Amino acid sequence: MTTERRSPLSRSRRPTIKDVAEAAGVSRSTVSRALTGRGYAASDVRERVLRAAAELGYVPDVMARTLKQQVSRSVGVLVSDLRNSFYAELAAGASREARERGYTMVLADTSLSAETESEAAEALVALRVAGAIVTPNSPAVSTYLSSHGIPVVEVDRQFAAGSTDGVVVGNRVGARTATNHLVELGHRRIALFIDETDWTTGYERYHGYLEALGAADVKVDPDLVVASGWDVADSRRRALDMLSGPDRPTAVFAANNVLAEGVWRAIGELGLRAPEEISLVAFDDAPWMSMVSPQVSAVAQDTFNLGATAVRRLDERIEMPDTDSVTTVLGVRLVVRESTAPPPMI
C-alpha cells in the first residue's frame, strides 16, 4: 500500500493570511503587522512570518486591503504618447521611484485623446489609487481626479497651477537659449516649428523664441512660425513646403523631438546639407539625435528625473494633503552638436 503525500494547501486554493499565521505560529494581526511594516513586530517574529509567507507563496490581496483602507498603495500615471521616447522615459522614471516608495504604478497612454484620457481617469478613481501623475491634455483630467479626492501632480505641462502640484522644466529659458545659439552663429531667418501655443510647454517655448529674437533686434517674420501638427508626418510636410521655397530660412528651431524628426526627414529628402545649407536645433534631446550624421544640437532635459520628481512630489502630497500646492521647475541645458553652424554666404 502506498501513501500519497499531500501539500498543506490544495493547488487550487490561494494561501491566506490565516495559513501564514498558522505556519508561523502567530496571530493574523501579527502577520499583518510583519508584512506591512505598520505596527510593532519583533525582528525574529517578522523573519518567521516572512519565511512562512515565502514558503506558502502567499500574495497579499491588494483589492481587499484597498476596500478596507479606502485607498490603495498604487499611483496612476497618465501620459500622452508612449511611442514618443520622451513619455516612455518619463514613465520609466516614475516607475522606479514609485517602486522604491512602495507603490504599484498603473500606467495609461491617453494618445492625446480627450475621450481616452477621461476613461483612464475614471479607471483610476475606480481603482482608488492613492494619487495620480498626468501629462494633461486639458484642465478636465486634473479637475475630475481632484473632485474625487485624488491628489494630482501635473508633469511636463500645467493647466491647474495654483490648485494642483506641478513638475515642469525651464521651457522658456531652453527655447531662448536654443534660438540665441542660432542668432550668435549669425542666423537671422530662423523658423520655429511648434505644435501648439495653448499649453504651457508650447506657450513658453514660443515666447522664449520671441525673446531671443527681440534681444538681438531680429524682426519676427510670422511666415517663419509654423504650426506643424502633432506628429512626424505633419511636421515633415510643412518642412518640405517651407524648405523647398526660394526664400527658405537658414535655420530651424523645432520645439520638440517629434517635430525635429519631421524637419530632419524633410532636410534629407530635399538633399539639403546640414549644417552647411540649413541649421537645426531641437527642444528635447531624443536618442536618435546623437545617432544620426550630423548629430543634432538639442535642448536636453532630464526626462527620467522629471518622472521620478513627480512621484516624490505626489508622495509628499499624499502624506501632507493640506499644504499649499507647489510647482517644481527643473533645469535644462543646450547640447551643441554638428547640426548648427553659421549661415551660408549669399
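Strands β3 (residues 131-134) and β4 (residues 152-155) pair in the parallel sense, over 3 bridges. Ile133 has Val153 in β4 as its bridge partner. Keep in mind that this is a predicted model.

Now zoom out. The order β2-β1-β3-β4-β5-β11 makes an open sheet of 6 strands, with parallel pairing. Its edges are β2 (104-109) and β11 (327-330). Each has a single partner strand, so one side of each is left without a neighbour in the sheet. On average, neighbouring strands here are turned by 15° against each other, direction ignored.

Next, the other sheet. This open sheet also has 6 strands, in the order β7-β6-β8-β9-β10-β12. The pairing is mixed. β7 (225-227) and β12 (332-335) are the edge strands, and each pairs on one side only. From one strand to the next, the twist averages 15°.

Look at β10 (residues 297-301). It pairs with β12 in the antiparallel sense, over 4 bridges. Gln301 stands opposite Val332 in β12. Helix α10 (residues 232-243) packs on the sheet and touches β6 (190-194), β7 and β8 (251-254). The direction of α10 makes about 160° with that of β6.

Last, the core. The largest nonpolar core has 62 residues. Which of them touch the most other members? Ile133, Phe193, Leu243, Val252, Phe253, Met289 and Leu306. Helix α11 (residues 257-269) gives the most to this core, 6 residues.

Take Leu306. Leaving out residues up to four places away in sequence, Leu306 touches Phe86, Leu90, Val155, Asp156, Val167, Val168, Val169, Gln301 and Leu330.

Technical notes: Residues numbered from 1 in each chain as written. Predicted model: local features only at pLDDT ≥ 70, side-chain atom pairs only at ≥ 80, totals over all residues. Heavy atoms only, no water. Core = buried A, V, L, I, M, F, W, Y, C linked by side-chain atoms within 4.5 Å. Buried < 20%, exposed > 50% of the residue type's maximum accessible area, 1.4 Å probe, protein only. Helix = DSSP H or I, 4+ residues; strand = E, 2+ residues; numbered from the N terminus. Contact = heavy atoms within 4.5 Å. Pairing = 2+ DSSP bridges. Axes fitted to C-alpha atoms, helices over the stretch in contact; angles between N-to-C directions.
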